[in-house]
Amino acid sequence: MTRCRPLPASPFIPPREMNRSVRPATEPRLIPYITQREGEDAAPDNLIIVRHACGPRLYYADEDAQGRDRPLRGVLWARCGFNPVDEHKMPTGEPQWKLMHPYRQMLTMQALRCQVCTQPARTPLGFIFLAGPKDEDPSWATLRTNQPPVCPKHARAAAALCPHLEKNPMVFLAKSAPLYGVLGTLYGLNANQVVHVAAQPDDALPFGHPDIATLLASQLIRRLSSFRVVGMDELMQELPARAT
């Protein structure tokens, strides 16, 4: 049986770093940490809405008393199963390449860890964020992203493994990437006072938005406000130069 309770958001304990120069026979193929695995299913729907003086608020009927269902700024987070981990502390199971595990996405985005290996993602050039080739207009002054950063070691791997990036991502080098808000599903009460899906917003809600009280979040969003766009080859050339 998979575990549907989310793990504590902190402290962040990254998987053990693996030596990629010598590939043991038991080492699994490279799969990003944030990728949801087969068997890591959403928990049964047991949501309730309670009316308060300040307005309605969404809860789990059996919400965790330690606050693990609200790991960040009091926002209710989507529950999802957790498969066992391997000897490298990485999730097991066949990858569901088009899905990000909601809790692992949140952990890596919150801590600015690499979405592939969970190691710190900061580089001398800033943080490396990847986007699909048609996702963003690089001329905009600010952008929002649901993709956790990548470390230099796994930038090319992330581009190759993620179907959304089409092996040709836009690369954003960001000096600043503050938390912006969350993406998820809005719930409400129907005419029979039964909890139901009210809306599936295309855009993230910023922290402080009144609708967050009835949102079940599944992705944490950061805002890129000080960045430049480079090619993958240019990035790989610049990083060693800045490290020396």
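On a 1 Å grid over the protein atoms alone, a pocket is an open set of points where a 1.4 Å probe fits, with protein on both sides within 12 Å along at least five of seven lines, and its lining residues have an atom within 4 Å of a point. Grid points are joined across faces, edges and corners, and a volume is the space filled by probe spheres set on the points.

The model is predicted, so that local features need pLDDT of at least 70 and side-chain atom pairs count only at pLDDT 80 or more, while totals for chains, interfaces and linings use all residues. Residues are numbered from 1 along each chain as its sequence is written, and side-chain values use heavy atoms, with hydrogens and water left out.

**Exercise 1. Describe the largest pocket by its volume, its lining and the elements that contribute to it.**

Step 1. The volume of the largest pocket is about 720 Å³.

Step 2. The lining comprises 32 residues, of which Q36, L99, M100, P102 and S218 are the closest to the centre of the pocket.

Step 3. Helices (H or I, at least four residues) and strands (E, at least two) are DSSP runs numbered from the N terminus; the elements that give two or more residues to the lining are β1, β4, β8 and β11, and β4 gives the most, with four residues.

Step 4. Sorted by class, the lining has 18 nonpolar, 10 polar and four charged residues, where Ala, Val, Leu, Ile, Met, Phe, Trp, Tyr, Cys and Pro count as nonpolar, Asp, Glu, Lys and Arg as charged, and the others, Gly among them, as polar.

**Exercise 2. Characterise the overall fold content and the nonpolar cores of the protein.**

Step 1. The protein has three helices and 12 strands.

Step 2. Of its 244 residues, 47% count as buried, a term that means under 20% relative accessible area, with exposed meaning over 50% and partly exposed in between (1.4 Å probe, protein chains only).

Step 3. With contact meaning heavy atoms within 4.5 Å, 75% of the contacts between residues at least 6 apart in sequence join residues at least 24 apart.

Step 4. A nonpolar core is a set of buried Ala, Val, Leu, Ile, Met, Phe, Trp, Tyr and Cys residues joined through side-chain atoms within 4.5 Å; the largest one has 30 residues, and those with the most contacts inside it are W77, F129, F172, V182, L220 and L224. Two or more residues of this core come from each of α1 (102–111), β5 (127–131), β7 (170–176), β8 (179–189) and β11 (215–224).

Step 5. A second, separate core has 19 residues, including I128, L130, C151 and A155.

**Exercise 3. Locate the salt bridges, and state whether their partners are buried or partly exposed.**

Step 1. A salt bridge is a side-chain nitrogen of Lys or Arg within 4 Å of a carboxyl oxygen of Asp or Glu, and the structure holds eight of them.

Step 2. Apart from neighbours within four places in sequence, R104 is in contact with Y33, I34, T35, Q36, R37, E40, F82 and P91.

Step 3. R68 and D64 form a salt bridge at 3.0 Å, N to O; R68 is partly exposed, with a relative accessible area of 25%, whereas D64 counts as buried at 11%.

Step 4. E238 and R228 form another at 2.5 Å, N to O. Because E238 lies in helix α3 (residues 232–243) and R228 in strand β12 (residues 226–230), the pair ties together parts that are 10 residues apart in sequence. E238 counts as partly exposed at 21% relative accessibility, and R228 counts as partly exposed at 37%.

Step 5. D62, D69 and R79 are linked in a network of salt bridges.
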